[in-house]
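Thanks for asking me to look this over. Please have the structure open beside these notes.

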Amino acid sequence: MYTLTNVTRLYQKGRHTVPAVRDVNLQIPDGDWLAVQGRTGHGKSTLLQLLGGLDHPTSGTVEMDGRDLGRLREAEVTRLRAASIGFVFQTFNLVPTLTAADNVEAALIPLGIAWAERRRRTADALDSVGLSDRARHLPSELSGGQQQRVAIARALVKEPTVLLADEPTGNLDEDTREDIMALLEKLWRQHGLTMVLVTHETSVAGRALHVADMSKGRLTIRSSAPPPPRFPASSEPRPSGRTGSETSYPA
Amino acid sequence: MAVDTEVQPAPGSGGPAQAGGRSFFLRYLGRELGRRARQAIVIALGLALGIGLVIVVSAAAAGVKNAQASVLHSLYGVGTDITVTASPSAGSALSKHNFSLQIQGGPGQTPKVCVNGKCKSGAQTIDQLFPAGKGVLSYSEIAKIARLAGVKAAAGGLALTDTQISISSTSASPPTQFTVQGVDLTHDNLGPLSAAALSSGHTFTRSDQNSDVALVDADYARANDLKVGSDVTVAKVKVKVIGIINQAEGSSPPDVYVPLALAQRLATEGPGGGGSLAGYVDTIYVTTASSTDISAVTRQIKALLPSATVTTPSSLASEINGSLGSAAKLAGDLGTWLSILVLVAAFAVAGLLTMSAVSRRAREFGTLKAIGWRSRRIIGQVLGESVTTGLVGGALGIGLGLAGVAIVDKIAPKLTAIIPSDSGLRFGQSSGHVGAGPAGAVAVGPGGALGGTTQTIPVHWSASVTLAAIGLAVLLAIVGGLLSGALGSWRITQLRPADALARVD
């Protein structure tokens, strides 16, 4: 569970201090899916980086399962990211010289997992995103949607508890966007993830359990109830702790 | 600053995990170098150029050094640490005489030969053996030097020139000369014969001390059709050739070697006669107990014989001039600085290109950090790429270097060494001359026959690649790779994942 208390992140740009995130208070329970929506440059990505321990708040605290990320040593944050946090980026960020399988396997390298186990998990991850037949392909040989699937496989191969997605459909066409969102939703359900997804697209944000607006660094919860079509009753059971009633979002 | 640590491997998975990590490292490294092949080749070629130049320069320097050593050995004698010679102008019996030799006459006239003013008419042959321009030292000095602390052995030598002129009633033949070296047989491993190789016959034994026997240099023997058993006339005495020897190429060795006692007996102070040289030598060869004793022994000899010239290998080396000295200076100064300059440039280019590559890969490294790669692993990856590039550059550099050395060997000019004639050398033909005019007059300058001040020796040299040079090349390749990788790594440590991810390719 994430708890953000009075989180502010200021940047120095020349002589000016620019607030990217201002006084955000937020709780994200385990298994929740929060979409953060807002225009470019209003602090969405900074918030995601604070949640991933890639950046530290200028003031306030970001706690993950009771641990203040700002107080952890860099090594501990790195370890946390390696084991528990998956990232998906708008531009996929695949290593261009590595094959799809190698890109996925790269996420397991810091975990010190044996080679055979790495290969097995890599194959499973690629299979789960429907790219078993593209394992040996380089990123340049894949379409944008396929590259993003590889990136999702890389984020999930280590079986994290948190998935942070920064505009995961920002570089995709409409059909592919639908595919990727469906895939993310499926995996969110299967793995019981806590997912925070940053987007500027309303249709993408609308799929989340909760949607928050980010404007000029301030976060406002807009909705806390999922629209009915995205969670059909016949589908797999929702993981525990994913209902809006269990989530608290002080604005 | 906190130390970045890896997530602990699962129990029992360390070995295969490490092996797998290595295979991933190599895969990543190979593909990355393949992607940046052009840049990697530029870096490798830059390093190769620097390393190749270092090999060529060090090989040339080693070749020149070997040539210098060879010249020193051939001039100085293997095993000789110090030579002692008397200055002609101080303490020498020869310096007290001013010899003159004149042949007067012409076609149809009875020749008249005047030596130091004493004239004799009629056909005659002059064959005189006299010192080659250096002063002389008493043979007893050898024993005194041998007793000095730190001296292992001392032996004498006498360098002489035999001049023959045949004068008939109708003509005077041009003077012919050959050099004769008196060899001290009490220490046959010290002095002029120490570096000689016997090609036929046998060498001197101690019992030859008073025999009329000679060893002849192979070149002189060939030119004069001399063989073992032939006779050679020295100062009108027939001396039997018992062996033919070879000296180091380019060392201008004496033509004939005779036992010291015979040389002393036959030689006179100058062309006109004068006193006998019995009991005299012109060079004393000294070997010390160890190389560290050379300076102390030198000091003692200078104290014992204040007017003598004491020469050590280092002082002799500093006196060698000519193209050999120029080549040594060229290799030592210009070559070294050029190598350093090119290496520094190559390292700088490699470092800048690596830093630039790291900057371009900032988002890649930021992503790796985001998925949990510690900085140390990323740095290791970059260092691995740099060192691999460096090693490729090293291999290319060794190839370039060997090719360069071969070219240098092909086009290198012949070198010569110019050596002062009063430097205590055992060999050498003076640049002085004996002239015979149209009227048959032969004039020999004061102070002995041959008053030249330098001698020029051709030196054969070839660039010599040593294992140390190859080792240095490999070391430089690794250092170059590490340096450029270190610069790249420094960039990585400066990268904040958030900033790196914000980069747009």
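Some numbered points follow on this predicted model.

1. A word on confidence to begin with: the predictor assigns the complex an ipTM of 0.86, together with a pTM of 0.61.

2. Chain A contains 7 helices and 10 strands. Of its 251 residues, 51% count as buried. If you take the contacts in chain A between residues at least 6 apart in sequence, 72% of them join residues at least 24 apart.

3. Do have a look at the open sheet in chain A, where 4 strands line up antiparallel in the order E2-E1-E4-E5. Strand E2 (16-28) and strand E5 (67-68) of chain A each have a single partner strand, so they stand at the edges with one side lacking a neighbour in the sheet. Helix H1 (residues 44-51) of chain A packs on this sheet and touches E1, E2 and strand E4 (59-64). The direction of H1 makes about 60° with that of E2(A).

4. Within that sheet, strand E1 (residues 2-13) of chain A runs antiparallel to E2(A), and 9 bridges join the two. One pair to click on: Leu4(A) has Leu26(A) in E2(A) as its bridge partner.

5. Chain B calls for some care. Its average pLDDT is 75, and 73% of its residues score at least 70. Strand E10 (residues 213-217) of chain B has the highest confidence in the chain, at a mean of 93, while strand E21 (residues 442-443) has the lowest, at 31.

6. Two stretches of chain B deserve a mention here. Residues 1-14 of chain B stay under 50 in pLDDT, and the model gives them 29 contacts beyond four places in sequence. Residues 90-96 of chain B also stay under 50, with 23 such contacts.

Definitions and conventions: Residues numbered from 1 in each chain as written. Chains lettered and ligands numbered in written order. Predicted model: local features only at pLDDT ≥ 70, side-chain atom pairs only at ≥ 80, totals over all residues. Buried ≥ 20, exposed ≤ 12 C-beta atoms within 10 Å, placed from the backbone. Contact = placed C-beta atoms within 7 Å. Pairing = 2+ DSSP bridges. Axes fitted to C-alpha atoms, helices over the stretch in contact; angles between N-to-C directions. pLDDT = per-residue confidence, 0-100.
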